[in-house]
Amino acid sequence: MKNLIKKVLVIAGFSCLVFTGTANAEVSAETAYVFNTFSFLVHGFLVMLMALGFTCLEAGLVRTKNTATICLKNVALYSLAGIMFYLIGYGLMYNDVNGYIGSAALWNPETTVDSGDGYSKMSDWFFQMVFCATAMSIVSGTIAERIKLVPFLIFAIFLTGIIYPIQGSWTWGGGWLSEMGFSDFAGSTIVHSVGGWAALTGALIIGPRIGKYGPNGQVNAIPGSNLPLATIGTFILWFGWFGFNGGSQLALGSAADAAAIANVYVNTNMAACAGLVAALILSILLYKKTDLTFVLNGALAGLVAITAGPDVATPLQAMIIGAIGGILTTLAIPLLDKIGIDDVVGAISVHLVSGIWGTLAVAIPGLNGSGDIGTQIIGIVSIGLFTVILSGIGWFALKAIYGLRPSEEEENIGLDISELGMDAYPEFKN
Amino acid sequence: MKNLIKKVLVIAGFSCLVFTGTANAEVSAETAYVFNTFSFLVHGFLVMLMALGFTCLEAGLVRTKNTATICLKNVALYSLAGIMFYLIGYGLMYNDVNGYIGSAALWNPETTVDSGDGYSKMSDWFFQMVFCATAMSIVSGTIAERIKLVPFLIFAIFLTGIIYPIQGSWTWGGGWLSEMGFSDFAGSTIVHSVGGWAALTGALIIGPRIGKYGPNGQVNAIPGSNLPLATIGTFILWFGWFGFNGGSQLALGSAADAAAIANVYVNTNMAACAGLVAALILSILLYKKTDLTFVLNGALAGLVAITAGPDVATPLQAMIIGAIGGILTTLAIPLLDKIGIDDVVGAISVHLVSGIWGTLAVAIPGLNGSGDIGTQIIGIVSIGLFTVILSGIGWFALKAIYGLRPSEEEENIGLDISELGMDAYPEFKN
Amino acid sequence: MKNLIKKVLVIAGFSCLVFTGTANAEVSAETAYVFNTFSFLVHGFLVMLMALGFTCLEAGLVRTKNTATICLKNVALYSLAGIMFYLIGYGLMYNDVNGYIGSAALWNPETTVDSGDGYSKMSDWFFQMVFCATAMSIVSGTIAERIKLVPFLIFAIFLTGIIYPIQGSWTWGGGWLSEMGFSDFAGSTIVHSVGGWAALTGALIIGPRIGKYGPNGQVNAIPGSNLPLATIGTFILWFGWFGFNGGSQLALGSAADAAAIANVYVNTNMAACAGLVAALILSILLYKKTDLTFVLNGALAGLVAITAGPDVATPLQAMIIGAIGGILTTLAIPLLDKIGIDDVVGAISVHLVSGIWGTLAVAIPGLNGSGDIGTQIIGIVSIGLFTVILSGIGWFALKAIYGLRPSEEEENIGLDISELGMDAYPEFKN
């Protein structure tokens, strides 16, 4: 549980030192309970809204003929994530973790308050659940426009119920990576790279969209159909990220916690600002013109990059980390195109590439410098391998049993008609 | 006032039992005041955003020729609700309720703090006001595309100033239903069914849209024009519902309150997840294909269903309650179509059908089991009759005095041109 | 810093009077620290979302051929504002202000907690930063569709790094206007009028869009391309305004602060409601029909008008202030059109006209009556002159060095193609 209890004790000690000048200066135990719980809830509802952010981003970047389907996939995956995380995910991730996996017993939440508790268990569960959904939201963008609804939803069940929680137990559940000292504050690797690896594996197995590559291998741009929608999605993700990173402090019950969350907010914001500006400048340098999608992905890359260590960076370090994330993503997007990986929204470049960068940055002296680079690499590689292997098994099994792709004709007509029998914008001529 | 004061006293007693192990462990009176007030404000701003959720949902499900008008109706009804609830609504609902109605004296808010207060009266007012607006937002969706602007706005004044507050006084104002033990935590009946009954009455009196039914009575589907917009609306409603249900705990000033709100958040979320998945599965079973609008309405139905008792359910019970809501709504939507009730967005099926279900569920042993089924039925029926009768009087009076429907020609051109002289999407060919 | 420390002391004294009936009744120093900090963060993330509100409003009111560009301008200006406010803006505004300007030394934030602190410095910075971005968001709307990307972004750097912080230091930094008693609670003048003056200066220097005025000077309406988007923008701005005004109380660490914020929320909401309804009624009286854009701008005008004094008004006064704001804006929009000032979204009428009105209203007996009318005028005029002069220098310098407008051909094609080489809605026929 990200070692909340240990941290609370440390912080309690610290805050006693600071605020004991006057009588009754400190935060009472019950007041801290309320603060901690409310922090989980407020930051949790912000993260919940990220599901809408991903929906808008993806709905804006697909073609109109696949727009209703991508909306459906996104609301459905969020719902399946909630149910799976309740049924087995939370148990696998946090319940009696033996180093490598927890116990999948049905989660039986405590709803009563005990004086030993520092926060409501339910509020913590809510906060963890919305993280689980985020990982799957990343996948849906990359493989949009060419995967059938049912295998997609089954994979969502598998990722949110099995893959995400098991690897999550290694660090946040107190497992072997946690014991080694792997450091990933809010999940550059544990959430974003996991989504990115699963997306990459899917993109490789499913293959590119019809028409993405010409007969001689030339790359064809397939423009997104609704760029204001993609912009809305980016802003909502940015907004939700204050919850994603801020809430990962896991406590608000002391001045030290409140100050730490404030630092996280500022660093999160600055990394996004710098990622956007870096992508803007780089794209102008490279192509003479800029492109709205590069700029939006630059902001998201900055957010992903800072997510591993927003607590220990200074604002200036956060800007550097975010800017490098924005640059790497801006370079990765055309590179993936070139090597034949068709990522509809750029999610692999944003979440995997910048996620790896952010996780490494935690151990770079002069940036964060708070982790060990070898341990960070072990964490990145082991979580990556695990996710790729299990995702690969999942995708191949679904391919064999059910099939992943619609027929060529169905893909050309668009999934909205072929899968849902409807049109996202029936009155707008396409 | 949902018996806040009684509850605060009970909880204060409880929390003393729990947290008195150490000196100064409890929440001080002034700290509790701040927590309670801030809970009203944070949860209130979430509910306020539901007005945007309804706007997006409705704007996405009408045709482009009526889109600007539905946007205007929604922002205007929220504003009128605020003014009416200030001028007379709050008084009718909460001021010296004699069992059946309060006193309509202009609300004269206390702005100073008294040590006997547990929260800011203004913050409570803000939270109650946004609930009032919600009820009217439900109406606008059902009767969209075929009612003129002025009678719609006059009905909004009547519903938010008279109908909603008077029936609200019976339960939340401490009136006769409250004394009988009618249980409706956040308003499955008091908010959602009231909106649904008023919408149903309006739909019957106004009649279906031109073209909805063919010459031989066959039902014609009229697809919504912008499904990403409808998806955004659903997500924002879901987001706002954490405020709607969570804030209805009416206090955050103790560990017990914080834990209760956390339970409410989890149950709210799980009911929506299950409602969505149930509607998804059922629609595939019934029609071989699913439909995005069924799925969205399934989530909303889950939310409406859990609203009467999110505090007493377990997450598993919440999922069952939500799933049944999703199923009932998925069955009700085509049924209403068949019997000649034209509900543009499915609001009657979502808010009335699932609202009744949720209010009953509170009294079903094994689900919530915390209420009395007879009392619940009395509440549902009496509030329903009152709303239908007053709404009917309102609609008929408006029809007689002003007329409700535009001319056939105006309806065919669309209300945006005929009422506003503008086009919601002037550059997109229709 | 809006005299936070003085206020905290006053409030602490007050709250001691109120809550000392029982032992340990008051808020402990550390608890107050957490409340104050969390208020900055929660209200700050609300204000951050206003950047999305402006983006949607502007993207909905421009033509499709300029939509991607206005999205890009808005995300980029928010990012540049963050970076500039970090590098020099915060220093100029709050660091050792000598009456007229602060010190531009790189901001070196305190991240540790000291028992003398009442709140996290970082959280305050976050809250101030998002205000700075708001001022520039106002400018982008007025001069949309006819200014090139690069000079726009350079002006954004200049406004957010120099103009906004220097004039801000005069009041909120404790400078000469603050000492005179100029009263502007959350920035009717300091944020909204500053944006409005810079927008007006830009509109005059850049000139109207091609086609706005006919050969004989007749005014041509250029309708916005996506009115649901404009409606979403308005609602999000309204939502964010609870943070803008509520957070400007700058403290939540006492019952008195919590009650004050609740008053601010209610007044903010009521002013918007009344502004909307006033604009609705006036537009019907003037033109027989209403127009969605008038109504949306009416709500925004109400919000701008109450921003100077939401703490001291009663709800009834707030409604009057908001309604007058809505009326003035509804009259100003066609007037500006007539005198040749082409304001794409009506931002000058909303933010400058209603901003001046709101700042004056603070000193009108019977409305707020808490300020001195002469001082208010001095503040409005001095900040206006300063902003006009510096903005004028900036715009003229950019015009001379780089050029402000695209070529006539580029403007006709649209900035999306000519500047970005892309189309915001490539599949929707224009």
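**Exercise 1. One residue in chain A**

Decide whether Ile333(A) is buried or exposed, using its C-beta neighbours inside 10 Å.

*Solution.* 
Step 1: count the neighbours. Ile333(A) has 24 C-beta neighbours inside 10 Å.
Step 2: apply the cut-off. A residue is buried if 20 or more other C-beta atoms lie within 10 Å of its own.
Step 3: conclude. Ile333(A) therefore counts as buried.

Keep in mind that this is a predicted model.

Now find where Ile333(A) sits and what Ile333(A) touches, leaving out residues up to four places away in sequence.

*Solution.* 
Step 1: Ile333(A) belongs to helix 11 of chain A, residues 315-338.
Step 2: list the partners. Beyond four places in sequence, Ile333(A) touches Asn297(A), Gly346(A) and Ser349(A).
Step 3: take one partner and check the distance. Gly346(A) is 13 residues apart from Ile333(A) along the chain, and their C-alpha atoms are separated by 6.1 Å.

**Exercise 2. The whole of chain A**

Work out whether the radius of gyration of chain A agrees with that of a compact globule.

*Solution.* 
Step 1: For 430 residues, a compact globule would have a radius of gyration near 22 Å.
Step 2: compare. Chain A has 21 Å, which agrees.
Step 3: Along the principal axes, the C-alpha atoms of chain A fill roughly 75 × 50 × 45 Å.

Next, describe the make-up of chain A: how many helices and strands are there?

*Solution.* 
Step 1: count the elements. There are 15 helices and zero strands in chain A.
Step 2: look at burial. Of the 430 residues in chain A, 71% are buried.
Step 3: look at the contacts with a separation of 6 or more. In chain A, 78% of these join residues 24 or more positions apart.

**Exercise 3. A helix in chain B**

*Solution.* 
Step 4: look for a bend. Helix 8 of chain B bends by about 30 degrees at Gly240(B).
Step 5: look at the surroundings. In helix 8 of chain B, 20 of the 20 residues are buried, so the rest of the structure largely encloses this helix.

**Exercise 4. How the chains meet**

Find which helix of chain A gives the most to the side that touches chain C.

*Solution.* 
Step 1: size the contact. It joins 55 residues of chain A to 51 residues of chain C.
Step 2: name the elements giving two or more residues on the chain A side. They are helices 1, 2, 8, 9 and 10 of chain A.
Step 3: pick the top one. Helix 9 of chain A gives the most, with 16 residues.
Step 4: sort the chain A side by type. There are 34 nonpolar, 16 polar and five charged residues.

Repeat this for the side of chain B that touches chain C.

*Solution.* 
Step 1: the contact takes 50 residues from chain B and 55 residues from chain C.
Step 2: helices 2, 3 and 4 of chain B each supply at least two residues.
Step 3: helix 2 of chain B gives the most, with 17 residues.
Step 4: the chain B side divides into 33 nonpolar, 13 polar and four charged residues.

**Exercise 5. Symmetry**

What rotation superposes chain A on chain C?

*Solution.* 
Step 1: A rotation of 120 degrees, with 0.0 Å of shift along its axis, superposes chain A on chain C with an RMSD of 0.0 Å.
Step 2: compare surfaces. Only 10% of the interface residues of chain B are also interface residues in chain C, so these copies meet through different surfaces.

Definitions and conventions
Residues numbered from 1 in each chain as written. Chains lettered and ligands numbered in written order. Predicted model: local features only at pLDDT ≥ 70, side-chain atom pairs only at ≥ 80, totals over all residues. Contact = placed C-beta atoms within 7 Å. Nonpolar A, V, L, I, M, F, W, Y, C, P; charged D, E, K, R; others polar. Least-squares fit on C-alpha atoms with pLDDT ≥ 70 in both. Bend = angle between axes of the 7 residues up to and from the residue. Buried ≥ 20, exposed ≤ 12 C-beta atoms within 10 Å, placed from the backbone. Rg over C-alpha atoms; globule rule 2.2 N^0.38 Å.
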